[in-house]
Amino acid sequence: MGAVAAMQAVSVVTSVMGAVQSIRQGQAAESQYQVKAAQERAQAERAAVNAEIEGNNVLRKLRETNSTAVARGFAGGVSGFSGSAKLVQTVNETYAGKDFTRLQTTAKERRAFGDIQAQMFEEAGTAARESSKFDALTKLSTAAINTYALMPGGSSGSSYGMPGSSTPRYGSTEFWKGTT
C-alpha cells in the first residue's frame with residue numbers, strides 16, 4: 001500500500017468518525033434545546049402563578065377594605081350596605097375587578113408566551129438534529145468516494161489531464177483529435 005493509498009484509508013476512517021460525531025453533536029444539541037424548552041415552560045408557569053397569587057391578593061384586599069367600610073358605616077349609626085359606605089364598596093369592587101382581570105390575562109399571556117418560546121426551542125432542536133444528519137451523510141459520501149478510490153480499478157486519485165493520469169492534457173492534440 002502506497003503513501004497515497006494509506007492517506008486515503010485514513011481519510012475514510014476519519015470521515016466515518018466525523019459522521020458519527022456529527023450525529024452525536026446533533027443529538028446533544030437537540031437535548032440541550034429540549035432542556036431549554038422545559039426551563040422556559042417552568043419559568044412561564046412560575047410567572048403565571050405569581051400573577052394569579054397577586055390577583056388573589058387583590059381580592060383579599062378588597063374583602064378587607066369592604067369589610068372596613070361596612071364596619072365604619074355601622075359604627076357611624078347607618079347601614080354599612082347602603083349610602084356612602086355602599087358607594088365606597090362599589091368603587092373598590094370596580095378597581096379590584098379591573099386589577100384582577102388584568103392579572104388573570106397576564107397569567108394566560110405568560111403561559112402562552114412560555115409555550116411559544118418552548119416550541120421555538122423544540123424546533124431548533126429538531127433542526128439541529130436534522131442538520132447533523134445531513135452533515136453525517138456528506139461525510140459518509142466522502143468516505144464512500146475515498147473507499148472506491150482504494151478498490152482495485154477505482155480512481156487512482158489523479159485528475160483528468162494531470163501528470164500520471166492516462167487521459168490527455170487539455171489543449172493537447174490528442175485531446176482535440178479524440179485519440180487517446
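A salt bridge here is a side-chain nitrogen of Lys or Arg within 4 Å of a carboxyl oxygen of Asp or Glu. With that in hand, welcome to this predicted model, in which a search of the whole structure finds nine salt bridges. Here is a short tour of some of them, along with a helix and a surface patch.

**Helix H1**
- Helix H1 covers residues 3-75, and its 73 residues reach 106 Å from first C-alpha to last, close to the 108 Å expected at 1.5 Å a residue.
- Gly-77 follows H1 and has a positive phi, near 90 degrees.

**Arg-41 and its partners in H2**
- Arg-41 meets Glu-122 in a salt bridge, at 2.9 Å from N to O; this pair links distant parts of the chain, with Glu-122 in helix H2 and Arg-41 in helix H1, 81 residues apart.
- Asp-115 also forms a salt bridge with Arg-41, at 3.1 Å from N to O. Because Arg-41 lies in H1 and Asp-115 in H2 (residues 83-150), the pair ties together parts that are 74 residues apart in sequence.
- Arg-41 is partly exposed at 34% relative accessible area, Asp-115 is partly exposed at 30%, and Glu-122 is partly exposed at 33%.

- Glu-64 and Arg-60 form a salt bridge whose closest N and O atoms are 3.0 Å apart; both residues lie in H1, four residues apart, about one turn of the helix.
- Salt bridges with shared partners join Glu-30, Arg-129, Glu-130 and Lys-133 into one network.

**A nonpolar patch**
- Val-16, Val-20 and Leu-140 form a nonpolar surface patch with about 220 Å² of accessible area together.
- Val-16 sits in H1 and counts as partly exposed at 37% relative accessibility.

Conventions. Residues are numbered from 1 along each chain as its sequence is written. This is a predicted model: local features need pLDDT of at least 70, side-chain atom pairs count only at pLDDT 80 or more; totals for chains, interfaces and linings use all residues. Side-chain values use heavy atoms; hydrogens and water are left out. Patches are made of residues with over 30% relative accessible area and no salt bridge: like charges are joined within 9 Å, nonpolar side chains (Val, Leu, Ile, Met, Phe, Trp, Tyr) within 5 Å. Accessible areas come from the Shrake-Rupley method with a 1.4 Å probe; for residues, only the protein chains shown count as cover. Helices (H or I, at least four residues) and strands (E, at least two) are DSSP runs, numbered from the N terminus. Buried means under 20% relative accessible area, exposed over 50%, partly exposed in between (1.4 Å probe, protein chains only). The expected span of a helix is 1.5 Å times one less than its number of residues.
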